[in-house]
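I'll look them up one by one and jot down how exposed each partner is.

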Amino acid sequence: MATEAPLSPERRAFLGKVSIAVSAVAGALVGIPVVGFLLAPLLRSTAETWRTVGKIDSFQVGTTVRVTFVDPSPLKWAGVTAKTAAWLRRNGEDQFVAFAMNCTHLGCPVHWLQDAGLFMCPCHGGVYYSDGQVAAGPPPHALFKYPVRIRNGEVEILTSAVPLG
Ligand code: FES
């Protein structure tokens, strides 16, 4: 029966350092994302921002169209995910309404059906009228709205961080 020779002090010290290095790398792999997640809210701006979404003449009265803009609180590394959207409805010459894309039930993006004149949520069948009020399904209340203004012939909406309050 063979017996193992005891580790030399040098080898034992070397293996101890390797163990510490591997533990440090594993700790960093787990810890850095957790710290990033915890600090992310502090790095995001919560300021409301007016965003231009198009020239007033590019929207027809009585229509609802999707407009895109940059999220008012993107993280610096957000990339294309910083882009968000809203539904903009023109009710008259100077009358616009902007609805948040997200269903008030669980946040799925709603779709505008021009022929039906309704917003539909594909997730659980929520339905909204063209004015954003709930028509059917589980949504607890109307679509959130953004304030809208017209400046220098451009339509602007006041964006704020999701969820809109
Ligand atoms: S998320 Fe829209 S109905 Fe549930």
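I'm counting a salt bridge when a side-chain nitrogen of Lys or Arg lies within 4 Å of a carboxyl oxygen of Asp or Glu. This is a predicted model, so I keep to the cut-offs: local features need pLDDT of at least 70, side-chain atom pairs count only at pLDDT 80 or more, and totals for chains, interfaces and linings use all residues. Numbering runs from 1 along each chain as its sequence is written, and side-chain values use heavy atoms, with hydrogens and water left out.

Entry 1. I searched the whole structure and got 3 salt bridges.

Entry 2. Glu156 and Arg149 meet through their side chains at 2.6 Å, N to O. For accessibility I use relative accessible area: buried is under 20%, exposed over 50%, partly exposed in between (1.4 Å probe, protein chains only). Glu156 is buried at 11%, while Arg149 is partly exposed at 24%.

Entry 3. I checked the strands (DSSP runs of E, at least two residues, numbered from the N terminus). Glu156 in β11 is also the bridge partner of Arg149. Strands β10 (148–151) and β11 (154–159) pair antiparallel over 4 bridges; pairing takes at least two DSSP bridges. They make a hairpin with 2 residues between them, and Asn152 in the turn has a positive phi of about 55°.

Entry 4. Lys55 and Glu154 form a salt bridge at 3.5 Å, N to O. That one links distant parts of the chain, β1 (49–55) to β11, 99 residues apart. Lys55 is exposed at 52%; Glu154 is partly exposed at 22%.

Entry 5. Glu93 and Arg90 pair up at 3.5 Å, N to O. Glu93 is exposed at 58%, but Arg90 is buried at 6%.
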